[in-house]
Amino acid sequence: MKSNKNIVLIGMMGSGKSSIGKILSKKLKLIFVDVDKKIEDSENLKVSEIFKKHGENYFRKIEEKISLKSLNSENSIISLGGGGFINSSIRKMCEKNSLSFWLDWKNETIIKRIYKSKKRPLAMNLTKAQINNLIKERSKFYSLSDYRIACDKLDKVEIINKISDIYENK
Ligand code: S3P
């Protein structure tokens with residue numbers, strides 16, 4: 001029987017939540033919701049500009065509001081920001097009507113991607129050791145998700161198939 005549950009994608013910046021979510025939503029015919037994109041639309045600013053102009057606390061408040069609203073839906077794939085699942089209200093909401101999947105990669109992969117991107121205000125100026133630390137701290141929360149997908153040995157299609165198999169057989 002087809003589930004009406006949401007899929008929530010969690011993980012560090014650069015773990016592919018948005019790109020995998022988009023493809024997965026087409027395959028499963030679900031609505032794709034990118035929380036960062038929704039925040040940018042609601043503020044009419046890029047995430048990096050929100051950080052610069054209003055600071056992280058302000059961003060986290062909007063992130064909470066928009067994440068909770070997005071999670072209060074059905075048949076959607078929701079890509080949370082990398083810090084979303086650290087918030088206990090967001091985590092609780094994920095338990096209600098969603099299956100959460102942690103896209104887990106080796107630290108080196110994440111670090112490379114973060115340094116390559118210009119739109120990651122939180123981690124761009126951190127040293128490798130600081131990013132390793134952030135990953136370690138965050139992983140304690142990410143590991144509370146329903147499923148951990150070890151992505152390093154898989155290609156994009158295999159990651160997508162793995163998530164859709166789990167979802168369709170629930
Ligand atoms: C953040 C991750 C970003 C964005 C913001 C903060 C974080 O989202 O929400 O820059 O705290 O890890 P992505 O994970 O989609 O890059």
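Predicted model: local features only at pLDDT ≥ 70, side-chain atom pairs only at ≥ 80, totals over all residues.
**Entry 1: strand β4**

**Entry 2: the partners of β4**

Which strands pair with β4, and in what sense? I found that strand β1, residues 6-10, runs parallel to β4 and is joined to it by 5 bridges. In this pairing I10 stands opposite W102 of β4. I also found that β4 and β5 pair in the parallel sense, here over 4 bridges, and that F101 stands opposite Y147 of β5.

**Entry 3: aromatic pairs**

I looked up the aromatic pairs next, and the structure holds 3 of them. One of these joins F51 and F59, whose ring centres are 4.8 Å apart and whose planes meet at 40°, so I record the pair as tilted. The reasoning rests on the cut-offs, because planes under 30 degrees apart count as stacked and those over 60 as edge-to-face, with the rest called tilted. Both F51 and F59 are buried.

Another pair is formed by F101 and Y147, with 5.1 Å from centre to centre and 20° between the planes, and this pair is stacked. Are the two residues buried or exposed? F101 is buried, at a relative accessible area of 0%, whereas Y147, at 23% relative accessibility, counts as partly exposed.

**Entry 4: charges over rings**

I then checked where a charged side chain sits over a ring. The charged end of R148 is placed over the ring of W102, at 5.9 Å from its centre. R113 lies over the face of W105, and here I noted 4.2 Å from the ring centre.

**Entry 5: two helices**

I returned to F51 and found it in helix α3, which covers residues 47-54; at 15% relative accessibility, F51 counts as buried. I also looked up F51 against I77, and the two are 26 residues apart in sequence and 25 Å apart in space, C-alpha to C-alpha.

In helix α4, residues 56-71, I looked at S67. S67 is buried, with a relative accessible area of 0%, and a polar atom of its side chain lies 2.6 Å from the backbone oxygen of E63.

**Entry 6: the ligand**

What surrounds the ligand? I found 14 residues around it, the closest being K17, D36, R60, R120 and R138. From the side chain of K17, an N or O atom is 2.6 Å from an oxygen atom of the ligand, and a polar side-chain atom of D36 likewise lies 2.6 Å from a ligand oxygen. Taken alone, the ligand exposes 380 Å², and the protein buries 95% of that.

Conventions. Residues numbered from 1 in each chain as written. Heavy atoms only, no water. Phe/Tyr/Trp six-rings, centres within 6.5 Å; stacked < 30°, edge-to-face > 60°. Buried < 20%, exposed > 50% of the residue type's maximum accessible area, 1.4 Å probe, protein only. Lys NZ or Arg CZ within 6 Å of the ring centre and 35° of its normal. Pairing = 2+ DSSP bridges. Near = heavy atom within 4 Å. Polar contact = N/O pair within 3.5 Å; in protein donor to acceptor, adjacent residues only side chain to side chain. Areas by Shrake-Rupley, 256 points an atom, 1.4 Å probe, with all protein chains shown as cover.
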